[in-house]
Amino acid sequence: MKFVLSMFLLVIASSVEAQTLKAQIREAEPLIHIEAWGNIRVTGSGSGSLSVSLTPTRNGATATDHVRDHFGLKTSGARAFVWSDDSGDIDVVVPARSRLVIRSYRWGDVEVRDVCGDIEVTSFEGGVNLQRVGGAVVAHAGNGPVYAELAWSAPRPSSLTSMHGSIRITIPRGLRILPRLRSEDGPIESVVPWQDGLRPPSSRADQVQLFAYTRFGPIDITHNNQSGRCR
């Protein structure tokens, strides 16, 4: 009985082990598309390598599945495409200056850390968490909060929106910026002067460099110490 139980536990353990795919990208600022049905975590790295790991969830791949049938990685020159189905969560390591286009489709949160390139991210049923990001940002959460720790050396035209959640933004101290903020049902607090309105920035020449809107929840802008992290 003990032997049978130990074998059963071994099968369970093997079903949740992460599997990894890797590729080399010579381009310093590649464009990387990521689409998944689970949680997505992206981390910028100083190397030129790209890797994606899938960790099966309890509702996803089992020990009898070919786990690599549930996610993939393709590269073509300066472009890469990463995908996964609803079998698990993915961790992606990218060159730090990558440009990212990310889509999470079902109850998945998106987290991006230490990426200096422009980011476009949509989480249809979850939240968005951006930490130490240095490019222009377009982020939308369909059902969750948006957090953005901006490491700008200069303002980038950016838009952060949530249909049902709070928005919290931190900007480098001393950075001159004019946000346009609107919450349909929640307070707004900002360490810098702001305008009320619904028009996001349309070009780098706009006076308004940062737009934030939520239908339900507060908006908060505070300072951080990340100035010049990404150059």
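The mean pLDDT of the protein is 84, and 83% of its residues reach 70 or more. The model is predicted. The protein has 20 strands and 1 helix. A cluster of rings joins Trp37, Tyr105 and Phe124.

**Confidence**

- Helix α1 (residues 2-15) has the lowest mean pLDDT among the elements of the protein, at 37.
- Strand β9 (residues 110-113) has the highest, at 98.
- Over residues 1-15, pLDDT stays under 50.
- For residues 1-15, the model has 6 contacts beyond four places in sequence.

**Overall figures**

- Of the 231 residues in the protein, 48% are buried.
- The accessible surface of the protein is about 11,700 Å².
- Carbon and sulfur atoms hold 51% of that accessible surface.
- Among contacts with a separation of 6 or more, 55% join residues 24 or more positions apart.

- Strand β16 (residues 179-183) runs parallel to strand β19 (residues 210-214), and 5 bridges join the two.
- Across that pairing, Arg182 stands opposite Tyr213 in β19.
- Strand β14 (residues 158-162) holds Ser159.
- Ser159 has a relative accessible area of 14%. The cut-off for buried is under 20%, so Ser159 counts as buried.
- Ser159 touches Val137, Val138, Ala139, Pro200 and Phe211, leaving aside residues up to four places away in sequence.

- Strands of a sheet pair through backbone hydrogen bonds, either parallel or antiparallel. Strand β7 has a parallel partner in β3 and an antiparallel partner in β4.
- Strand β3 (residues 40-45) is joined to strand β7 (residues 88-95) by 6 bridges. Thr43 stands opposite Val93 in β7.
- Strand β4 (residues 49-56) pairs with β7 over 6 bridges.
- Ser53 has Asp91 in β7 as its bridge partner. Thr55 has Asp89 in β7 as its bridge partner.

**Aromatic cluster**

- A search of the whole structure finds 2 aromatic pairs.
- The ring centres of Trp37 and Tyr105 are 5.4 Å apart. Their planes meet at 40°, so this pair is tilted.
- Trp37 lies in the loop between β2 (31-36) and β3, and Tyr105 in the loop between β8 (99-104) and β9. The Trp37 and Tyr105 pair therefore ties together parts that are 68 residues apart in sequence.
- Tyr105 also pairs with Phe124, and this pair is stacked. The distance is 5.5 Å centre to centre, with 10° between the planes.
- Phe124 lies in the loop between β10 (119-123) and β11 (128-133). Tyr105 and Phe124 are 19 residues apart, and their pair links distant parts of the chain.
- Trp37 is partly exposed, at 37% relative accessibility.
- Tyr105 is partly exposed, with a relative accessible area of 29%.
- Phe124 is partly exposed, at 38% relative accessibility.
- The ring pairs link Trp37, Tyr105 and Phe124 into a cluster.

Terms used: Residues are numbered from 1 along each chain as its sequence is written. This is a predicted model: local features need pLDDT of at least 70, side-chain atom pairs count only at pLDDT 80 or more; totals for chains, interfaces and linings use all residues. Side-chain values use heavy atoms; hydrogens and water are left out. Two strands pair if DSSP finds at least two bridges between them. Helices (H or I, at least four residues) and strands (E, at least two) are DSSP runs, numbered from the N terminus. pLDDT is the predictor's confidence in each residue, from 0 to 100. Contact means heavy atoms within 4.5 Å. Buried means under 20% relative accessible area, exposed over 50%, partly exposed in between (1.4 Å probe, protein chains only). Accessible areas come from the Shrake-Rupley method with a 1.4 Å probe; for residues, only the protein chains shown count as cover. Rings of Phe, Tyr and Trp (its six-membered ring) pair if their centres lie within 6.5 Å; planes under 30 degrees apart count as stacked, over 60 as edge-to-face and the rest as tilted.
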